[in-house]
Amino acid sequence: MFIPDYIFESSWEVCNKVGGIYTVLSTRAKTLQDTLHDKIIFIGPDFWKEKESPYFKEDEKLFSDWKTKAVEEGLSVRIGRWSVPGEPIAILVDFTPYFADKDKIYTWLWQQYKVDSLHAYGDYDEASMFSYAAALVVESFYNHYLDSSKRVIYHGNEWMTGLGLLYINNKLPQIGTLFTTHATSIGRSIAGNMKPLYDYLFAYNGDQMADELNMQSKHSIEKQTAWNVDCFTTVSDITANECKELLDKPVDVVLPNGFDNSFVPGASMFTKKRKAARKRLLDVANALLGENLDDDTMIVSTSGRYEFRNKGIDVYIESLNRLLRDKDLKKKVVAFIEVPGWVGEPRKDLTDRLESAQSYDTPLDVPLITHWLHEMTHDNTLSMLKYYDMHNRKEDNVKVIFLPCYLDGKDGVLNLSYYDVVLGNDLCVYPSYYEPWGYTPLESIAFKVPCITTDLAGFGLWANTVKGSYSEIEDGVKVIHRTDYNYSEVADVIKDTIAHYSSLPKKKIDESRRNADKLSKKALWSEFIQFYYQSYDIALQKAEERKKNLI
């Protein structure tokens, strides 16, 4: 097996916390850094420029001779370390100067690879110029320090890195190229436009759907990259099928997303942090609702990107509405929706109550939300709660609270980071319709919180594979069968599972939590990194063949 001497890996989310890909890369970094010892180099966009980034520490001494050369070549880079476990080297590049050459770059791309950039809009130009700049960084570094005696990989994540991968493929054939799509742009668009994705997947033509949904340019770069790199990969079997049908290209390797649990607190600290999280969540709920919910209250949550249908936020609210009338519910439930909306500011009436540390017996106005939104009347979550007349009345045993902000510890109300919040839950619910992998359920079980997910999530399929049948809540993860058309059944199963969990004796709950923890250990990067080495080998074998032809 060929092992790389150097890996360059680029992503829009290197030192730039946006979504799940940040978690994939930042948690995997330590496993690769431990093996490659600074021969793994991440490349990301430089949004911070001269300002200090919370995710990046600049180091002027690193590759200082190359940096001088890079500047002479017109590159604007900062070199340092990514502030994540393992502290790998990261190079941040300013891509804005390349907008001036955009048309020339796109013309080259069309001539060489028939990529259609004519229909570009939104983030396409920004992502493409970053991708181009990242490739120039690799080219410059390679020419300065390396030669064909070294086995080098360039790994790009998502369509945003496609242009750079094609550039390296064209200009530096001695480098093995690897492309990971974490979700096809056209598949996500089909699902997001309320079209049935799964029953018709075999019949959809990706190019035709791209025309219909105005996704031509993103689809084009993604498809051409998939076809031209040395190794094409994705993160789950469900997305591998999507790639085969919509990009007309089977993947070479499936790279399941692992987890690094080094930041899951140990036993005594875990108990302390769990208690603190529960207290804070209940304090916020009580201040908002004018209630006195105690520690016996069942805390449930969903979280992730604000994709109302794709992430299953709609079916989660539906299930909670049905739970209001469920006779089998044995505890009071406070259910949080932790997704970042178009947030304005923290509610002053709520923060005043929290600061007073008093108890209140009357709810605040709109006792459904912790922060004001810029568009209160156009928010999907608030609209659905209003439609179902869910207003957290005194007599309701199920209260729903929308936390519409990033949980970074500085939101002004909860003031805890996401990982400090998640371990305070009793149960997490992620009933996704479109979820190539699903980090949120994996994070949940890593913090010993059992969760509900679906078999339309790569993680849910994996959990079923580990068990050998459909996983139940007692196993740590309840996997619900979900299709294009069984929304109502899914809502009922979520409702029934929450009610069932509320009636379990402590011994059974402890067992479910232990099983969640055990399952999470099977998804550590130490277990999944082997698939990456398999993909590196495929890419390097092809690069080695090309090297022979170059001699």
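This is a predicted model: local features need pLDDT of at least 70, side-chain atom pairs count only at pLDDT 80 or more; totals for chains, interfaces and linings use all residues.
**A tour from pocket to sheet**

Start by selecting helix H18 (506-521): H18 gives the largest share of the lining of the second largest pocket, six residues. Helices here are DSSP runs of H or I with at least four residues, and strands are runs of E with at least two, numbered from the N terminus. Residues are numbered from 1 along each chain as its sequence is written, and side-chain values use heavy atoms, leaving out hydrogens and water.

Next, show Arg274, Asp426, Ile509, Asp510 and Arg513, which lie nearest the pocket's centre among 20 lining residues. A pocket is an open set of points on a 1 Å grid over the protein atoms alone, where a 1.4 Å probe fits, with protein on both sides within 12 Å along at least five of seven lines; lining residues have an atom within 4 Å of a point. Colour the lining by class and you get four nonpolar, three polar and 13 charged residues.

Now move to the sheet, open and mixed, with nine strands in the order S3-S4-S5-S2-S1-S6-S7-S8-S9. Strands pair if DSSP finds at least two bridges between them. At the edges are S3 (56-58) and S9 (253-254), each pairing on one side only. Select S1 (residues 6-10) and S2 (residues 40-45): they run parallel, joined by four bridges. Phe8 stands opposite Ile41 in S2.

Technical notes:
Ala, Val, Leu, Ile, Met, Phe, Trp, Tyr, Cys and Pro count as nonpolar, Asp, Glu, Lys and Arg as charged, and the others, Gly among them, as polar.
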